[in-house]
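Please examine the sequence and the structure before reading the solutions.

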Protein chains: 2
Amino acid sequence: MSRLPMAKRREQLVNAALAVASRDGVEAATVRAVAAEAGVSLGVVHYCFQDKNELLRAMGEAITARNVERVEFGSPPLDARAAVGNAVTAIWDSMSARRGDQLLAFEMTLSALRNPELAPVATAQLEHERRLAEDLLVEAAAAAGTDWGVPPRHLARTCVAVLDGVALAWLVDGDDRAARADLAQFADHLAQLARPGVQTA
Amino acid sequence: MSRLPMAKRREQLVNAALAVASRDGVEAATVRAVAAEAGVSLGVVHYCFQDKNELLRAMGEAITARNVERVEFGSPPLDARAAVGNAVTAIWDSMSARRGDQLLAFEMTLSALRNPELAPVATAQLEHERRLAEDLLVEAAAAAGTDWGVPPRHLARTCVAVLDGVALAWLVDGDDRAARADLAQFADHLAQLARPGVQTA
DNA sequence: GTCTATAGTTGGATAGAC
DNA sequence: GTCTATCCAACTATAGAC
């Protein structure tokens with residue numbers, strides 16, 4: 001483990017930070033705790049990161065990057081309803097599979113809203129999610145041979161908001177069935193917005 | 001200020017805690033900061049509250065109680081669409097008027113999800129909001145002379161989730177117009193669920 | 001590059017004077 | 001009831017040995 005190149009070391013420390021924060025919360029992700037989790041001494045962390053905020057910033061960016069990779073798709077669907085339903089289910093599966101990570105994502109956002117040095121993390125994360133949602137919406141419409149009456153950008157905004165709201169409720173009450181019901185209903189609502197008559201290809 | 005009865009003292013301290021936390025975040029609401037804000041010495045806080053968690057618990061309950069009082073209604077509406085629209089707008093106005101409080105509410109919820117001693121705060125707050133939403137839904141339907149095809153309890157759950165999601169997005173991007181657009185669209189969607197033909201009274 | 005040691009803060013909690 | 005004084009723990013950050 002010793003004498004790693006800086007980049008590797010940073011990666012190791014960010015992973016350790018993620019592990020601690022996901023398990024025990026953002027406020028538990030102190031420089032000391034991260035060092036202990038990574039099995040290095042306190043000084044090493046301060047050698048790789050200028051201060052705690054830089055570490056947290058790196059952790060926030062890692063969360064964003066990780067969330068993007070996690071969405072898997074099922075088989076290609078036939079109509080808009082099925083396409084949207086599949087996408088929403090896939091996203092929810094990947095979200096609800098890791099409760100700690102989900103909690104951490106919310107905590108990071110709120111921390112960033114209070115701490116000016118972390119502010120970019122919150123906006124970048126939201127922007128990333130919206131872009132991902134927009135891509136999925138466009139794909140879904142294309143797969144179903146229709147398009148959306150409204151700009152996908154706007155729809156994406158709504159989708160992310162609904163998803164976040166449902167996720168927060170689920171974190172509090174733990175009711176997975178109700179969450180899935182809400183999302184299914186929302187997916188139906190979305191599908192209704194797709195113009196069935198319009199063929200893009 | 002001196003020699004207040006315990007109840008008054010607690011109220012004063014809870015208000016001080018709310019002021020600090022709303023301004024600077026939950027983690028800034030230390031026992032010391034609260035004492036300073038209230039203009040009392042450190043010992044006074046520990047005399048009124050067994051420990052910091054008890055203070056935070058009281059603060060959480062105060063937030064819940066306060067949120068319930070704040071919703072004001074407009075004039076009695078004619079149909080379900082207008083009734084729901086009015087209610088949603090009124091709620092959003094009261095939420096977006098105080099950004100710090102809104103942020104604080106989210107922070108309290110997340111803190112409660114990490115800290116077992118605060119857990120009841122999160123569930124109570126959510127439960128309270130859902131009950132309020134349910135009451136409003138029933139009122140709205142009654143005012144419009146219809147009822148909901150689905151149990152209002154379920155609808156209330158969805159409403160709170162959507163509202164929270166939109167609020168979180170607004171906290172991050174500050175786009176009030178987009179938030180209102182999302183809510184208006186949701187209100188329309190809700191209104192469509194009301195069965196127009198059914199007369200309750 | 002990595003470690004130990006330590007400076008300097010801040011916060012929770014309590015004891016004891018008044 | 002209220003205050004001051006104090007203890008103890010945990011944290012960020014840095015300095016300097018190796």
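Two exercises on this predicted model follow, each with a worked solution.

**Exercise 1.** Characterise the interface of chain B and chain A by its extent, its polar pairs and the make-up of the side of chain B.

*Solution.* 
1. Begin with the extent: 38 residues from chain B and 38 residues from chain A take part in the contact. About 3,100 Å² is buried between the two chains, and carbon and sulfur atoms give 60% of this area.
2. Turn to the charged pairs. Eight salt bridges cross the interface. With a cut-off of 4 Å from nitrogen to carboxyl oxygen, the pair Asp173(B) and Arg157(A) qualifies at 2.4 Å.
3. Count the polar contacts: 17 residue pairs are found across the interface, both residues at pLDDT 80 or more.
4. Assign the side of chain B to its elements. Those giving two or more residues are α1, α6, α7, α8 and α9 of chain B; α8(B) gives the most, with twelve residues.
5. Classify the residues on this side: 18 are nonpolar, nine polar and eleven charged.

**Exercise 2.** Which residues come nearest to DNA strand C, and which polar atoms lie by its phosphate oxygens?

*Solution.* 
1. Consider the DNA atoms within 4 Å of the protein: 59% belong to sugar or phosphate, the rest to bases.
2. List the distances to a phosphate oxygen of DNA strand C:
   - Arg9(A), polar side-chain atom: 2.5 Å
   - Ser41(A), polar side-chain atom: 3.0 Å
   - Leu4(A), backbone N or O atom: 3.1 Å
3. Locate the elements giving two or more residues to this surface: α3 of chain A, with α2 and α3 of chain B.

Methods:
Residues numbered from 1 in each chain as written. Chains lettered and ligands numbered in written order. Predicted model: local features only at pLDDT ≥ 70, side-chain atom pairs only at ≥ 80, totals over all residues. Heavy atoms only, no water. Contact = heavy atoms within 4.5 Å. Buried area = accessible area lost by both parts, 1.4 Å probe. Salt bridge = Lys/Arg side-chain N within 4 Å of Asp/Glu carboxyl O. Polar contact = N/O pair within 3.5 Å; in protein donor to acceptor, adjacent residues only side chain to side chain. Helix = DSSP H or I, 4+ residues; strand = E, 2+ residues; numbered from the N terminus. Nonpolar A, V, L, I, M, F, W, Y, C, P; charged D, E, K, R; others polar. Near = heavy atom within 4 Å.
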